[in-house]
Amino acid sequence: MSDSPPAPVPWLVDQTLVRDLRRGKAEQAFLAGEFHRGLVESDELLYENPEDPGGLWVFARSALALGDACTAQTALEQLLDLAEHDIGVPMGHIQTEMAFAHFLQADFEAARAAASAALTLDRALAAAWVCLGMVEERLGRAEAMSEAFERAEDLRPGSTPKRMPSPAHEKWQRLLQAASQYLSKDEAELVSGLTITWEEWPRPAMLTSVLPPISPFIELLITGDDAERSDPVDMLDAALQKVVPSPTGMTIFTANLMRGQPSTADLVDRLARAIRSELAAWLGVTVEDLTPSPS
């Protein structure tokens, strides 16, 4: 009989258990509203198991919650490519998320088709009715919008977007003047030289003129010729109004600003923050890099 110790045996963990644990952590993060962590956890799972339905489902919803509709759409398409019995998620729920992914990319017809497909599968999906209502609203179909929102409210009270009637144009002008008081001197001077246009909604063609598309929820957009723009870091050393070439116009989208029944103070704050955010985007810097606004 040999006195030598037994050869070591590698400690192996069942891979199914590992996948289940990772999937559970990803889902837990998503449900807790920790969308970045949900994205990371599900991405790690998909690295080893690229067709894991649970991983794709968490990954898609986390990306969508973070506003990355393009990534979410890709994951949802992969999920739909799997055999239905392998998915483990109701097809209507997947189509609902797909509808929102299309909506955020300003592809309103595709969003309408996906929402309709979801409702064909399950008429009790309040989220699908909400998305359909938002799509119909953007497409100018008031009657269809009202019907969809009513169905959503019947299923889940408080689920539809709330929006107050838009004030008169004169009040919007006063709101913009008030918001300008919260800009730095350079920012206010630059804005004062822009051609201001007021629109209810951003036009789909405007949103899809760049990739990835601009969010349909954008509150304002600065436009101009930036073909010869110099390095953003150099721009910070100059007064904003002297940047060449300067932006030439600013379009303000009143319906997006009116979301959630804001007060007058809320509207002023939203306008000021939206202007500064757009100026930073135009210059290719962060808002924190701009000249500090007045306290």
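Modeller: Let's start with a patch of negative charge on the surface, where Glu 143, Glu 147, Glu 150 and Asp 154 gather. A patch is built from residues with over 30% relative accessible area and no salt bridge, joining like charges within 9 Å and nonpolar side chains (Val, Leu, Ile, Met, Phe, Trp, Tyr) within 5 Å. Asp and Glu count as negative, Lys and Arg as positive, while His and the chain ends are not counted. Each charge is placed at NZ of Lys, CZ of Arg, CG of Asp or CD of Glu. The areas come from the Shrake-Rupley method with a 1.4 Å probe, and for residues only the protein chains shown count as cover.

Before going on, keep in mind that this is a predicted model: local features need pLDDT of at least 70, side-chain atom pairs count only at pLDDT 80 or more, and totals for chains, interfaces and linings use all residues. Residues are numbered from 1 along each chain as its sequence is written, and side-chain values use heavy atoms, leaving out hydrogens and water.

Asp 154 is exposed at a relative accessible area of 65%; exposed means over 50%, buried under 20%, and partly exposed in between, with a 1.4 Å probe and protein chains only.

Now for charges that pair up. Side chains of opposite charge can pair when their charged atoms come close. The structure holds 14 salt bridges, each being a side-chain nitrogen of Lys or Arg within 4 Å of a carboxyl oxygen of Asp or Glu. One of them joins Arg 23 and Asp 52, at 2.5 Å from N to O. That pair links distant parts of the chain, 29 residues apart: Arg 23 is in helix H1 (residues 15-31), and Asp 52 is in the loop between helix H2 (35-48) and helix H3 (53-65). Arg 23 is partly exposed at 24%, whereas Asp 52 is buried at 7%.

Lys 25 and Glu 41 form another salt bridge, at 3.7 Å from N to O. Lys 25 is partly exposed at 41%, but Glu 41 is buried at 11%.

Finally, Glu 136 bridges to Arg 141, with the closest N and O atoms 3.3 Å apart. Glu 136 is buried at 3%, while Arg 141 is partly exposed at 32%.

Technical notes: Helices (H or I, at least four residues) and strands (E, at least two) are DSSP runs, numbered from the N terminus.
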